[in-house]
Amino acid sequence: MHPPTSGQGLFPRYGGGWMHQFGHVYALQQELLDPSANNWFRAVELWHTARQEGVAMNVSHFTSILRQCVHPGAWAQSLQVLKQMKRENVRPDVVGVGCALAACVEGKHYDEVENIFATFHKTMLLDSVCHLALIRARQESGNAKGAIAAGRQQQADQVPFLPYTYTHLLEACNAEDDAAYAMELVHNMHSEQWAPSQCAMLAIEDLGRRHERLAAFSRPLLSASDKAHSALPSLDASKRLFPPEW
């Protein structure tokens, strides 16, 4: 007689002998760490199964769960994972924090983005994805001035910008009529050889109609972008939080 299966997974609940128990635990841990997994519901189910059966989990297991919560915007589950990590004295890594922030952005729970960012910004050096999540959350919630402030904070922390960061900041500059910061961003994009996305180009052009100096300053970048645009289609995904490889 075979033991009953656990949920929708492949692994039976162990009950017969240490070899059977060891094999079950090993298989459970391997599925938790599968880098190709992309099913947040299954990831959370595995997490609860691991807790019930006493499987030790480390930061890599929790980060894998958080990663799978990003694209569906499973923000509530991300918060639960962070709380459980705190209970178990497991310190999140910067990738896990970025995933939790991203899940909250995708789920449009922008207050949680602010809370998570403020909590971990005090204790670790957050990366480009974490800062992008904060900028995007503020921009999408209508706080363009706050998005610009977050961009300046990222520069003060000496954390490099992603192409998507420039897009959201240029849109914020257009909303706030901040031509001075837009010129700084355009200069940095040119120095780093980033071609602007379509949304960034529209923001620059719109702001440039009100500020002739910006229009003249950005003309070489926009001209070069027109020529390179067909070779850089991924930069047009300005609403995507993570680069395509995520």
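This is a predicted model: local features need pLDDT of at least 70, side-chain atom pairs count only at pLDDT 80 or more; totals for chains, interfaces and linings use all residues.
Me: Which class supplies 7 residues of the contact of α8 with α9?
Reply: On the α8 side the contact includes Ala 144, Ala 147 and Ile 148, and on the α9 side it includes Leu 169, Ala 172 and Cys 173. Of the residues in this contact, 3 are polar and 2 are charged. The class with 7 is nonpolar.

Me: How is α7 oriented relative to α9?
Reply: The axes of α7 (residues 128-140) and α9 come within 10 Å and cross at roughly 30°. Angles under 35 degrees count as roughly parallel. Therefore α7 and α9 are roughly parallel.

Me: Which residues of α7 meet α9?
Reply: On the α9 side, the partners are Tyr 164, Thr 165, His 168, Leu 169, Glu 171 and Ala 172. On the α7 side, they are Leu 132, Ile 135, Arg 136 and Gln 139.

Me: Which helices each supply at least two residues of the lining of the largest pocket?
Reply: The largest pocket holds about 360 Å³ of space. Among its 15 lining residues, Leu 82, Lys 83, Lys 86, Thr 119 and Phe 120 are the closest to the centre. The helices that each supply at least two lining residues are α4 (75-87) and α6 (110-121).

Conventions:
Residues are numbered from 1 along each chain as its sequence is written. Side-chain values use heavy atoms; hydrogens and water are left out. On a 1 Å grid over the protein atoms alone, a cavity is a set of points where a 1.4 Å probe fits but cannot get out, and a pocket is an open set with protein on both sides within 12 Å along at least five of seven lines; lining residues have an atom within 4 Å of a point. Grid points are joined across faces, edges and corners, and a volume is the space filled by probe spheres set on the points. Helices (H or I, at least four residues) and strands (E, at least two) are DSSP runs, numbered from the N terminus. Contact means heavy atoms within 4.5 Å. Ala, Val, Leu, Ile, Met, Phe, Trp, Tyr, Cys and Pro count as nonpolar, Asp, Glu, Lys and Arg as charged, and the others, Gly among them, as polar. Axes are lines fitted to C-alpha atoms, for helices over the stretch in contact, and angles run from 0 to 180 degrees between N-to-C directions. Angles under 35 degrees count as roughly parallel, over 145 as roughly antiparallel, 65 to 115 as roughly perpendicular and the rest as oblique.
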